[in-house]
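This report covers a sheet, its pockets and its salt bridges, in that order. The sequence and the model are shown first.

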Amino acid sequence: MIPTGWKIAENADLDRAFEFFETVKDMTDPPFSTYPHGLKGTLERLLADGRLLLADAPGEKGPQVVGLLGYFHGTPRLREDGLFDYVDPEVGYVYFFVVAREWRNPYSYHAVPFLASCLLADGHEEARFRTYRDNNDLINKLYRKHGYFIREETNIQGAKANLYGAKVRLWVERFGYYAGTGA
């Protein structure tokens, strides 16, 4: 684990990650719980077909999960059978990023260089990420600042969303690089 508390999750982290995901499932509209594989299934898919990053913070009973970031090796396309196909394997597709409100700073800030080092270790030179188009001006502004607008899309839940991309090496130049990701 690096000093900021971010680490690459393993299968042994699934239950702790799921417990945290349950506490933040309604933070977005539509909520995370509307993901096609459900909360636990989404985490399982990321452990199998991508990378799940987990942020730990000190807690009364030991480390507690305070953030999750998941990306796939390629852009997921939902099939009729409910599974994903992945296109554009050179892209690390950020599927979600959430940090508990009371831990957002510095965990959110340190997530970007850790994410960049993990993406590069996995062979992804480009990152893609999406956010809701409406009622989300702050996040859209942030994503435009750290990436570039690609197009408007309708996401899996049927909401209008903006798709952004970023060159991962530019993030490294801007935010630094963590060499010891274990990836």
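Strands here are DSSP runs of E with at least two residues, numbered from the N terminus. Two strands pair if DSSP finds at least two bridges between them. The model is a predicted one.

## The sheet

In strand 5, Glu126 is the bridge partner of Val91. The pairing between strand 4 and strand 5 is parallel and runs over four bridges. Strand 5 is mostly covered, with six of its seven residues buried.

Seven strands make up an open sheet, in the order 1-2-3-4-5-7-6 and with mixed pairing. Strand 1 (6–8) and strand 6 (148–154) are at the edges; each has a single partner strand, so one side of each is left without a neighbour in the sheet. On average, and with direction ignored, neighbouring strands of this sheet are turned by 30° against each other.

At one end of that order, strand 6 and strand 7 run antiparallel and are joined by six bridges. Thr154 has Lys160, in strand 7, as its bridge partner. As a general point, side chains in a regular strand alternate between the two faces of the sheet.

## The pockets

Rolling a probe the size of a water molecule over the atoms shows where empty space is left. The largest pocket has a volume of about 1500 Å³. Its lining consists of 43 residues, and those nearest the centre of the pocket are Phe97, Arg130, Thr131, Ile139 and Tyr143.

Which elements each supply at least two residues of the lining of the largest pocket? On the strand side they are strand 4 (84–99), strand 5 (126–132) and strand 7 (160–167), and on the helix side helix 3 (104–121), helix 4 (137–146) and helix 5 (168–175). By class, this lining has 26 nonpolar, eight polar and nine charged residues.

The second largest pocket has a volume of about 160 Å³. Residues that line the second largest pocket include Arg16, Glu19, Phe20 and Thr23, and also Gln64, Val65 and Val66. Ala100, Glu102 and Trp103 are likewise among the residues lining the second largest pocket. Helix 1 gives the most, with four residues. The lining of the second largest pocket divides into five nonpolar, two polar and three charged residues.

Helix 4, one of the elements that supply the lining of the largest pocket, also holds Leu138. Is Leu138 buried or exposed? Leu138 counts as exposed, because its relative accessibility is 70% and the cut-off for exposed is over 50%. Leu138 and Val94 are 44 residues apart in sequence, and their C-alpha atoms are 18 Å apart in space.

## The salt bridges

Over the whole structure, a search finds 16 salt bridges.

| Asp13 | Lys7 | 3.2 Å |

Asp13, which forms a salt bridge with Lys7, is buried at a relative accessible area of 7%.

Asp56 counts as buried, with 7% relative accessibility, whereas Arg16 counts as partly exposed at 26%. Arg16 is also one of the residues that line the second largest pocket. A network of salt bridges links Lys7, Asp13, Arg16 and Asp56.

Glu125 has a relative accessible area of 39% and is partly exposed. Arg169, at 46% relative accessibility, also counts as partly exposed.

Note on methods
Residues numbered from 1 in each chain as written. Predicted model: local features only at pLDDT ≥ 70, side-chain atom pairs only at ≥ 80, totals over all residues. Heavy atoms only, no water. 1 Å grid on protein atoms, 1.4 Å probe; cavity = no way out; pocket = protein on both sides within 12 Å on 5 of 7 lines; lining within 4 Å. Points joined across faces, edges and corners; volume = space filled by probe spheres on them. Nonpolar A, V, L, I, M, F, W, Y, C, P; charged D, E, K, R; others polar. Salt bridge = Lys/Arg side-chain N within 4 Å of Asp/Glu carboxyl O. Buried < 20%, exposed > 50% of the residue type's maximum accessible area, 1.4 Å probe, protein only. Axes fitted to C-alpha atoms, helices over the stretch in contact; angles between N-to-C directions.
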